Amino acid sequence: MLITLTTDFGLGPYVASMKGVILEIDPEAQVVDLDHYIGAQDVREGAYVLYSAASWFPFAIHVGVVDPGVGTARRAIAIACEGAIFVGPDNGLLVPAAEAFGIKEVRHITNKEYTLRRASYVFHGRDIFAPVAAHLSKGVKLRDLGPEISDYVRLDFGTPVVDEEAIRGEVLTVDRFGNIVTNIPRNVVSERWRFNQDLEVSIGGYDIRLRLLRTYGEAVEDALLATMSSSNFLEIAKRNGNAAAIVKATPRMPVSIRHAG
Amino acid sequence: MLITLTTDFGLGPYVASMKGVILEIDPEAQVVDLDHYIGAQDVREGAYVLYSAASWFPFAIHVGVVDPGVGTARRAIAIACEGAIFVGPDNGLLVPAAEAFGIKEVRHITNKEYTLRRASYVFHGRDIFAPVAAHLSKGVKLRDLGPEISDYVRLDFGTPVVDEEAIRGEVLTVDRFGNIVTNIPRNVVSERWRFNQDLEVSIGGYDIRLRLLRTYGEAVEDALLATMSSSNFLEIAKRNGNAAAIVKATPRMPVSIRHAG
Amino acid sequence: MLITLTTDFGLGPYVASMKGVILEIDPEAQVVDLDHYIGAQDVREGAYVLYSAASWFPFAIHVGVVDPGVGTARRAIAIACEGAIFVGPDNGLLVPAAEAFGIKEVRHITNKEYTLRRASYVFHGRDIFAPVAAHLSKGVKLRDLGPEISDYVRLDFGTPVVDEEAIRGEVLTVDRFGNIVTNIPRNVVSERWRFNQDLEVSIGGYDIRLRLLRTYGEAVEDALLATMSSSNFLEIAKRNGNAAAIVKATPRMPVSIRHAG
């Protein structure tokens, strides 16, 4: 079965150890890297990445490890959905992606039969989440992992505030090109504005006039623009350049959009 | 079938989405990362990387996505070669690698049957190139993708100027070690000089006397040297060090080589 | 058969070429990236990474390429162990991992039948180690590679000095979180101290009082702490932060630990 991995470890020995553990338990598993460069311990960014990529996969077990609470009382969980299973810490990381699929059942992983015998206190990715995913891949049932729970930790990307004057949201993530993905969903934008309209965006102390465009290449050379991200959120970008560097955008920075007067 | 991916996305959710789309369409496909750290929108560097790595693979479908023109009028193409198929934007990215194999046929991808139904304007890697590659992997024929074209965008690495005094070329790429790969082919060098001869290299405002050697370890400790890259171009390197940092080498920087007086 | 790759190349065309060569020879091979971000030419760090990750894999051929001596007289070797085979340069890189499995036999790779016909002087990863690994994966026997040797280059992580006053070791590696892994093994620490005791650590010119804890989350918010790394060495970390940045830790920096008075 297909198993994807999302971590903040970087592609190195920690991720490799997880793959080794998985292949030891289920040599037939097909392991795919989803992302290993989540900001260190940035649970919300990890949640966004899982949310934006998992839906493009056929049925898979998605393992997420962005885990500042490793070794403490925070629980390990598995979530069964319509077309996917998620395995990871109970800190909200898995929730937006799982909700997009539709959550059927959440289990607290307590059965030590499916984790490494001497689980370390510092690396549950290798010692708990990887072996649980591999056992699920081999056919173990979710109900065998532990008791069903409903009080798992919730996380969402926030709801933009919409009023007469403006739409106010915040930065979700910045990609390698410096494109700024906000938490303002496509439909909230499209109810009010159309492509090729001019908007005024306030972010990081800057007030910027820019155009809402279908794609980068429609902008004037080197201009800032607004567009719809491939994950269907409002995105602020610069044609042939790095928008985030200009406004020094970072996750959680407030963004507001209004009609350009 | 084997499918390789070359992008400027970084290893993260964009690449993962492409893999998800491919595996959804063809669960039997074997996806291999060729490179995801091409300089942002640097089509020429991407073309070099594809050129230098693709030839080492058995028959494969190579997907390249370095695509500043995404969503504009630039075409999506597929190129059939003797031992490979290339899929990506019509901006030259695929051409040097395809020419090295020998181009048999180039198709403009217009058949929407093999792309995602609602292709975004900002992410053709996921919505066009990945599904087309997966359908080819499953047996779809190149001729089913769209009309044959011959006016595809050409790209080459430039031809060094050779005269009595010097060979003048430019920097193709800089690797992680700071080795500087130029666009001066091995045979142009070997017609004039032999290993263990001393050369004078002008690059980035520096005039450097160095020796043409078979390998790094033959240089005096910490010395700059010239050698032949594993892709058979003249390379400037530093034993146990970073040559690019010394001369601040960047892609397209002019390089000239003459006999050391 | 499973083949893992550990290099200092970065994930790019060099690694891709190795994968291409392997899949050309053995299309059935399953190639897994172990790590490609070893510090450039840092053989000792590469040895640590191989050591810490390889043991988690089922039977595999582990290829290591951190190779400052490429193209010189340094030998290419293959090491057979109880549950693994290692292939790479004879510079110590493979030795700690192989010794952890138990070395059965070391061969000097001299048989040109299993390497690329025109091996370059600068890229033995692609031209020697990758094809040898692929041939082993297909069933070639170790004894067919070349003569057995016993004078291969040794490497270890050093033995900490233990006296009445202190344990003195050094830094092995720093991970992406800034956690500092030392060469002081778990058992050396646990013979003298217990969890929840206070220690004084001297590193990089700093004398730091910190607590030995089971995991990061048990520390006071933002405090430095000592813990046991997932590879069972003493590790110095900062809760929700980067310990290495504070003390400017680098590989080989001396570390000493004593009882906090």
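Visitor: How many salt bridges does the rule find across the interface of domain 1 of chain A and domain 2 of chain A?

Guide: A salt bridge is a side-chain nitrogen of Lys or Arg within 4 Å of a carboxyl oxygen of Asp or Glu. Across this interface in the predicted model, the rule finds 1 salt bridge. A:Arg44 pairs with A:Glu170, with the closest N and O atoms 2.2 Å apart.

Visitor: Before we go on, what are the ground rules?

Guide: Residues are numbered from 1 along each chain as its sequence is written, and chains are lettered from A and ligands numbered from 1 in the order in which they are written. This is a predicted model in which local features need pLDDT of at least 70, side-chain atom pairs count only at pLDDT 80 or more, and totals for chains, interfaces and linings use all residues, while side-chain values use heavy atoms, leaving out hydrogens and water.

Visitor: Where do the two domains of chain A lie?

Guide: Domain bounds come from an automatic or database domain assignment. For chain A it gives domain 1 (2-144) and domain 2 (161-259). Their centres, taken over C-alpha atoms, are separated by 32 Å.

Visitor: What area is buried between domain 1 of chain A and domain 2 of chain A?

Guide: Buried area is the accessible area (1.4 Å probe) that two parts lose on being put together, summed over both. Here it is about 680 Å², and carbon and sulfur atoms give 53% of it. On the domain 1 side, A:Arg44, A:Glu45 and A:Tyr48 supply 78% of the area buried against domain 2 of chain A, more than any other three residues.

Visitor: How many residues does the contact between chain B and chain A take from each?

Guide: Contact means heavy atoms within 4.5 Å. By that rule, 31 residues come from chain B and 27 residues from chain A. About 2400 Å² is buried between these chains, 61% of it from carbon and sulfur atoms. B:Leu11, B:Tyr14 and B:Val122 supply 23% of what chain B buries against chain A, more than any other three residues.
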